[in-house]
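Please find below a short note for a colleague who is new to this structure.

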Amino acid sequence: MGAPFYTDLLPGRTVTLDGEEFLYCSGTSYLGMACNEAFQNLVVEGLRRYGTNYSSSRRSNLRLEVYRQVEEQLARISGAEAAVTMSSGFLMGQTLVQVLRRRGRFLYAPGAHPALWENDTAAAQANAQLSFEDWTRQVVEEVQQSKEASFVIICNALDPLWARPYTFDWLGQLPAHKSITVVVDDSHGFGVTGPDGVGIYPELSKYKNVELVVGSSFGKALGIPAGFILGSRTLVEEVKSSPYFGGASPAIPAYLYAYLQAGEIIAEARQRLQQNIHTFTGLVEQPEARFSFIPDYPVFSTSMESMAEHLHRHRILISNFRYPTAESPPIIRVILNSLHTAADLQRLAEAVNQFNPDNVFK
């Protein structure tokens, strides 16, 4: 993996590096909202209405209606009893950890985001080398056989790094007589997956033997600096009673206003993204042999770092960096977004089809 690149302009479908334009196939702005002019205009409207920031606590005796309106909409579209927003996905995760820490022993899936790590980093990373399938078998057996009565299970909705789907039928095997809270991080799914982009909550809400909590960032698909939690009314009220909630600045209201107004813009971007995914997979020769990917999802992962080097020579920049730590293996991904054109996808697919791992300088 080479040195990082620098730019002073936000990348969209392209990025300029040292005066040369590259096709940009990286990042997590799946719907391209950060560069969507119509959405930007709504943010500007919100800024004129609410200013640049709401410098107060959500517990203040003066409260903005926009927070209630967004939270009611999130609950309605997901089917959750309640929702709450916060200023970032990371703060959302850390607040959940603090609220849930007395509910039982934490069990972490491989790849659980650091935002949801408790104080014991070693415990959070203990299963890093397991596959998700092996971990689910292990965690079901552990919970079933343990004398402990309370657990908090933390996992992702999908694997956005290696582009692997997860199944959740194992939730039905967890014992109903124990107190089990399942926290699912849907930051890379919300806006893209699920019915109308609502994410994973509707799929998992059928499991009544556990308490479901879904947390997400708004910052991926929707380009909004905020996070939110979906769950029971009791859980949401616990979050709102937390000092992490009351003591932190809330999400910038201008962005939440834009979200409320942007239904058609978001739906159109999601439709374009799906078209781009289908176009790209149709153009790439034997995509299953070249990439790990999830159907209808814009991330295409490979373990071959030489592909990143090959595409760079074709002026295409893809994701290639070590994550989550500097010692982790490099994550190499082609990532599509709604801004890419048919010509972009043709160019990308042709370069991918030319890639020969045995001759990276071709």
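At what angle do helix H3 and helix H7 pack, and how far apart are their axes?

1. The model under review is predicted. In this model, helix H3 (residues 89-100) packs against helix H7 (residues 233-241) at an angle of about 105°, and their axes are 10 Å apart. Because angles of 65 to 115 degrees count as roughly perpendicular, H3 is roughly perpendicular to H7.

2. The contact between the two helices involves Thr 95, Leu 96, Val 99 and Leu 100 from H3, which meet Leu 235, Glu 238 and Val 239 from H7. Of the residues in this contact, five are nonpolar, one is polar and one is charged.

3. The largest nonpolar core comprises 86 residues, and those with the most contacts inside it are Ile 153, Trp 170, Phe 218, Phe 280 and Val 334. Helix H10 (residues 263-283) gives the most to this core, with six residues. Domain 1 (14-37 + 263-354) and domain 2 (54-251) each supply at least three residues to this core.

4. Beyond its neighbours up to four places away in sequence, Val 334 touches several residues, among them Cys 25, Phe 280, Phe 291, Leu 311 and Leu 348. A second, separate core has 24 residues, including Met 86, Met 92, Ala 112 and Leu 116.

5. Tyr 24 belongs to strand E2 (residues 20-25). Tyr 24 counts as buried because its relative accessibility is 15%, and buried means under 20%. Leaving aside residues up to four places away in sequence, Tyr 24 touches residues including Pro 11, Val 15, Leu 317, Asn 337 and His 340.

Key
Residues numbered from 1 in each chain as written. Predicted model: local features only at pLDDT ≥ 70, side-chain atom pairs only at ≥ 80, totals over all residues. Heavy atoms only, no water. Axes fitted to C-alpha atoms, helices over the stretch in contact; angles between N-to-C directions. Helix = DSSP H or I, 4+ residues; strand = E, 2+ residues; numbered from the N terminus. Parallel < 35°, antiparallel > 145°, perpendicular 65-115°, else oblique. Contact = heavy atoms within 4.5 Å. Nonpolar A, V, L, I, M, F, W, Y, C, P; charged D, E, K, R; others polar. Core = buried A, V, L, I, M, F, W, Y, C linked by side-chain atoms within 4.5 Å. Buried < 20%, exposed > 50% of the residue type's maximum accessible area, 1.4 Å probe, protein only. Domains from an automatic or database assignment.
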